[in-house]
Amino acid sequence: MKHSTESSKFWNSFFGPNMGYVEEQYEIFKENPEEVDASLVDLFNKHGAPRKLEQSTGETAIENGGLSLEQAQTLTSAIKYAEAIRRYGHLEADIYAVGGWDEKTNLLNPNTYNITDEDLSQIPAKWLWDKAPADAETGADVIKILRKRYTGKISFEYDHVNSDEERTWLSEQIESGDYKADLSETKQTDLLNRLVEVEGFEHFLQKTFVGQKRFSIEGLESMIPLLDKVVELANGQQVEHVMMGMAHRGRLSVLAHILGKPLDMIFSEFHYGSDKTLIPSHGSQGIYYGWTGDVKYHFGAVKEYKHDNLSTRLSLAHNPSHLEFVNPVVTGRARAEQDDRTKNGYPTSDLKKAMSILIHGDASFIGEGIVPESLNLGGLKGYRTGGSLHIIANNLIGFTTDRKEGRSTRYASDLAKGYEIPIIRVNADHPVACVSAAKLAFEYTKKFEKDCLIDLVGYRRYGHNEMDEPRSTQPMLYKEIDKHPTVTEIYADKLTNDGLI
Ligand SMILES: Cc1ncc(C[n+]2csc(CCOP(=O)(O)OP(=O)(O)O)c2C)c(N)n1
């Protein structure tokens, strides 16, 4: 007997033992109707078999033509809705600590797909998602889980990746939640201590070297634990060299906390010496004044990172003022480490030996031509390095320019789509999510030997530099930023509420 939607809905109001009872009675009814209570006979005659859609397996429902056109349409709509969450979940994800977009999308509205919660609750979970976890019973459960996975503090864009194998791997990681960092209690308090160090470093500079430029990391402090995770994983996989390149933003903090540059050395570079008159200054006293002037946030450094008898050499390349110019230099250095030129013929490459991490500015990533030029080299035989890990240090502003005035695309990362680079966008106010993003990006680059990008979305607590007053150029945004707690405060509150500190 065919099931109408009305009958399905009717039988859906029966659960557990009640459902068990009516099913049992129906079996008897089929053989000996007279043995069944007359009221049930009426129901069976009116509504047919007391089966929920979920119990109508492919054999019984579909092959026997048991799915009405209306039900098939409902199922199609549900599939479209689930796919929309996977594809467009990023549009509603909670990735902005401050300054989110005002526009809302219809792409994630169930009405767009002409489907209701009630419809979804009649569809078996496995019909929408073959790998649905055991506790997901219905389509409504599936939608809830997918929304959680795709619209939380981390969001994903990988629909532009054309390899089926890569997409399947990414979706399995994301939807199972396997990529997430599972931090022990000690690791959680370590993480808080790390944030305290990062924040404390900037506060000390702010108070001690008043009004001096340092291009503070504040608003993107989670970049340090994110990098810690990449370094830890690279070391664990015996990567011998991790080559890094970055611009001014947060550079002193990276030098201090990742490269281990001695703090007294960093502080001494804030003290001006006498003008170096022997060096031609071309009228730019700001650059050549004293012993260092601007140079402190252009210096690189090298560190030998050791853990469990494994050693990894970390290096941050010196960089010029020219934003993003360091990218091909760093990837070139990584390639040089990988190449073995000791034998005749084309050099052999060991892509596992070295990796590059490139940290970009949000305005620079999309604005500077050298970025696509370098990305384009990434897959070529003569230049490939087995996948760079890109991080956009996204503070929403480029100097004094809002994103809407600085690019034609929604995201700073949109350029990466053309190169089929998966994009992981993460809210910098959530350090554990940032560590998880690092883990997923690292594992992807290593597994597929291709680039991956983390768009680390935070804000900029001060101006472009510490002498610049952003409240005159971005008054609305800074009203929000001034009220916004630091990530250290947010994470400390969380650990306090969890009873860990
Ligand atoms: C090639 C180049 N163009 C322009 C500049 C001038 N400049 C210095 S910082 C900056 C803004 C960069 O914004 P973003 O990339 O978002 O980094 P942020 O300072 O916000 O961290 C500009 C335009 C430069 N240094 N190099």
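**Ligand shell and helix packing in the predicted model**

A backbone N or O atom of I397 is placed 2.8 Å from an oxygen atom of the ligand, a polar contact in the sense of a pair of N or O atoms within 3.5 Å. Of the 590 Å² of accessible area that the ligand has on its own, the protein covers 75% (Shrake-Rupley method, 1.4 Å probe). The structure is a predicted model, in which local features need pLDDT of at least 70 and side-chain atom pairs count only at pLDDT 80 or more, whereas totals for chains, interfaces and linings use all residues. Residues are numbered from 1 along each chain as its sequence is written, and side-chain values use heavy atoms, with hydrogens and water left out.

Two further polar pairs are described here. A polar backbone atom of S321 lies 2.8 Å from a nitrogen atom of the ligand, and an N or O atom in the side chain of N395 is 3.0 Å from a ligand oxygen atom.

The ligand is surrounded by 15 residues, the closest being H248, R249, S321, S364 and I397; a residue is counted if one of its heavy atoms lies within 4 Å. By class, the shell comprises 4 nonpolar, 8 polar and 3 charged residues, where Asp, Glu, Lys and Arg are charged, Ala, Val, Leu, Ile, Met, Phe, Trp, Tyr, Cys and Pro are nonpolar, and the others, Gly among them, are polar. At least two shell residues come from each of α16 (362–367) and β9 (397–398), and α16 supplies the largest share, 3 residues. Helices (H or I, at least four residues) and strands (E, at least two) are DSSP runs numbered from the N terminus.

Two helix pairs were also examined. Helices α9 (residues 164–176) and α19 (residues 431–448) pack at about 155 degrees with axes 12 Å apart, and α9 is therefore roughly antiparallel to α19 (over 145 degrees). Helices α5 (residues 69–88) and α8 (residues 139–150) cross at roughly 15 degrees, their axes coming within 9 Å, so α5 and α8 are roughly parallel (under 35 degrees). Axes are lines fitted to C-alpha atoms over the stretch in contact, and angles run from 0 to 180 degrees between N-to-C directions.

Conventions. Polar contact = N/O pair within 3.5 Å; in protein donor to acceptor, adjacent residues only side chain to side chain. Parallel < 35°, antiparallel > 145°, perpendicular 65-115°, else oblique.
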